[in-house]
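Please read this briefing beside the sequence and the structure, which are shown next.

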Amino acid sequence: MSRLRVLAAMSGGVDSAVAAARAAEAGHDVTGVHLALSRNPSSYRTGARGCCTLEDARDARRAADVIGIPFYVWDLADRFHTDVVQDFVDAYARGNTPNPCLRCNEKIKFTAVLDRAVALGFDAVCTGHHAQLQGSPGEAGRRLVRSVDAAKDQSYVLGVLTSEQLSRAMFPLGDTTKAEVRREAARRGLGVADKPDSHDVCFIADGDTQGFLRRQLGSAPGQLVELDGAVVGSHDGSYGFTIGQRKGLRIERPAADGRPRYVLSIEPVSRTVTVGPAEALDVGEIDATGPVWSGCPSPSAPIDCLVQLRAHGECYPATCWTAGEEVTIRLRNPARGVAAGQAAVFYDGDAVLGSATIARTRPAPDRC
Amino acid sequence: MSERAAADHSVAGGDGAAAYLDHAATTPMLPAAVAAMTAELAELGNASSLHNAGRRARRVVEESRELIAETYGAKPSEVVFTSGGTEADNLAVKGLFWARTAAEPGRRRVLATAIEHHAVLDSVRWLADHEDADADWLPVDGNGRLSVATLADAIERDPASVAMISVMWANNEVGTVQPIAELASLAAEYEIPFHSDAVQAAGQLPVSLAATGATALTITAHKIGGPVGAGALLLSKGAEPVPVLHGGGQERDVRSGTLDVPAIRAFAAAVEVTAGRRPDEAKRLAALRDDLIAQVLAAVPDAILNGSPPGPDRLPANAHFSFPGCEGDALLMLLDARGIACSTGSACTAGVAQPSHVLLAMGADEARARGSLRFSLGHSSEQADVDALGAVIGEVAERARRAAR
């Protein structure tokens, strides 16, 4: 492989540190960049001199020191706020369930950062995502493939990337399990070898998503209704619900059949949340919008493939029809708890074909 | 040349032809200072001890004090050693404010320019937030210069309410030199304590406590070829700031703490060398600086030189530009990758470059403030450093401009 100028996005975690180390060891000219994404007002001092993620920035800097590469911090807080945080809030306000990690990959790491890197003379952006990328940076037709570590695979949150974005990406960890990455970090003397994995939404520090949304969107009371329209309870905001949710519905009277109720649909304008029995969650057909086909040409005929409907969710055999900006997905077997706003990522085996955003769902036709 | 080697060594990540153009951040230690410091590190003695070893250490301190006093127009007793410029600024601003308000509780107003170094700026803000001070920020013109009339107006609004005044001798970012002697004598007419942060000026201009009549001046070793961690407040006789550090009562009871004898000896060694060659060196650096400005403007015709035009109102070793359409951090990174070290101004703790409060106070908009770079020269600077910058700045600015789109 030729020597490339590589910009390594370094979060301060173990994965991106090992990814950068591998890129440097492969002979590339690597520069580490930590993205300052948060503008947590509590840490602002006298205007704009403070910022947060201090500990992560320090961890990233120390990893760069150990690897022996230059290191900088890029301030992307404004872009992140607009493209990820605001998008997250807006999606909930529309009754959708967003995936902010996916949006961050799409808009921040592989748009804002990649564009700036390319303009500054870099050939590729390297991250610590657990996914494999066939072919070399700069080549066309590179395929995104699941990580060998199924439990850590992140191909789903990268499924939104276009082939142009993938052509300038570098994911050095796709052939390695997380356990091996940690061992390698320790062997390389990287202090972050034992740093815990991040799980929660990174911009909601206390992990309380409902509280965060309530502060952003305020109180918007509405009703909980059964499929037949019978009112069975009330709520403070329809954004507090996700399709398939069972707990915390505060239903005031038991259903006639005595069986548990699940959120079936969220109507943000009338603030009506419809609940019903588990089988009413079964989805047979999905309309999705804004398809991106990175692993194949935009299909002109129906294709049979696998589709994943949420992060770390299972894969369903399906047939997909593409018509312009719309994709109709017919699942061979019904799926439960499919939420608008999530991505449908299409796979051929372990290879990503493309993705689209779930807009509407329909029950399985009776023939099932 | 060993000084040159020291400069090369300090460029992180640089390979080969490194040009260190960030002497205003810190400048290589002079060989005489390194020799003095290493010799003293091997010696024993607390300068406050009464035995032979203590007397030996004390003698080193006092000889250093005399040399520094002589150079900067002060009596030996007017040199208060500190850990550096930040501590000296804190002592001057807080200490003089507290002393004056203790004597006259009605004096709560602190006058300072909006372009002070953060050591002064944030000390004044702290007094306003915690000690009931009234921060009165003095405006500067588009070149970053404070007029005597502006200070006079500010005092005249209510002379009896002013506790102290702090105006930097020369600005650390854009290099603008203030009319310190006139400002200090105006303050003296009203009997208002006047402090000036002379950290940037001390190696390049004839800085003198006596000649200006200021109450206090801040200087620091590492900007003039001495070590980091040593500085002084030149404090005129009779001025009694309330201490910030309490303890053993060293340094006129104003600054407690065991004296750092090796650093003080090296500080004096650097002052001696720097003062001896200052007039010639200032001319040499001004000529280099003028060439740097010419080369940058030739390569990037729309670049804007910030601060006063070259001449008596600008530090000889400073050049500061805004590059329209560019982000300062992109310029810095591209230059760093080409072995050229410069500065964008201040960064937060995490490392994010911040828009300069100095440029904003000079009337620049945020984009111009963000798209700026400081190049500063020093004793190890040579024509080759300037040429190295001139050779790449055009391409670098063009690339940074594309990245900002």
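The notes below go from the whole model to its chains and then to a few local features.

This is a predicted model, in which local features need pLDDT of at least 70 and side-chain atom pairs count only at pLDDT 80 or more, while totals for chains, interfaces and linings use all residues. Residues are numbered from 1 along each chain as its sequence is written, and chains are lettered from A and ligands numbered from 1 in the order in which they are written. The model scores ipTM 0.86 and pTM 0.89.

**Confidence**

- The predictor's confidence in each residue is given as pLDDT, on a scale from 0 to 100; for chain A its mean is 90, with 95% of the residues at 70 or more.
- In chain A, residues 41-52 have pLDDT under 50, and the model gives this stretch 16 contacts beyond four places in sequence, a contact being two residues whose C-beta atoms, placed from the backbone, lie within 7 Å.
- For chain B the mean pLDDT is 94, and 95% of its residues reach 70 or more.
- Residues 1-16 of chain B have pLDDT below 50, and in the model this stretch has 24 contacts beyond near neighbours in sequence.

**Chain A as a whole**

- Chain A has eight helices and 17 strands, where helices (H or I, at least four residues) and strands (E, at least two) are DSSP runs numbered from the N terminus.
- Its radius of gyration is 22 Å, close to the 21 Å that the globule rule gives for 368 residues, so chain A is as compact as a globular protein of that length; the radius is taken over C-alpha atoms, and the rule is 2.2 Å times the number of residues to the power 0.38.
- Along the principal axes, the C-alpha atoms of chain A fill a box of roughly 65 × 55 × 35 Å.
- Of the 368 residues of chain A, 46% count as buried, meaning that 20 or more other C-beta atoms lie within 10 Å of the residue's own, whereas 12 or fewer make a residue exposed and values in between make it partly exposed, with C-beta atoms placed from the backbone.

**Chain B as a whole**

- Chain B contains 13 helices and 12 strands, and its C-alpha trace spans about 60 × 55 × 40 Å along its principal axes.
- Buried residues make up 54% of the 405 residues in chain B.
- Among contacts in chain B between residues at least 6 apart in sequence, 73% join residues at least 24 apart.

**Helix α4 of chain A**

- The buried residues of α4(A) include A:Leu102, A:Phe110, A:Val113 and A:Leu114, and among them are also A:Arg103, A:Glu106 and A:Lys109.
- After α4(A) comes A:Gly121, with a positive phi near 105°.

**B:Lys237**

- B:Lys237 lies in the loop between β8 (231-235) and α9 (261-299) of chain B, and it counts as exposed because it has 11 C-beta neighbours inside 10 Å.
- Although B:Lys237 and B:Lys75 are 162 residues apart in sequence, their C-alpha atoms are 8.3 Å apart in space.
- Not counting residues up to four places away in sequence, B:Lys237 touches B:Lys75, B:Ser77 and B:Glu78.
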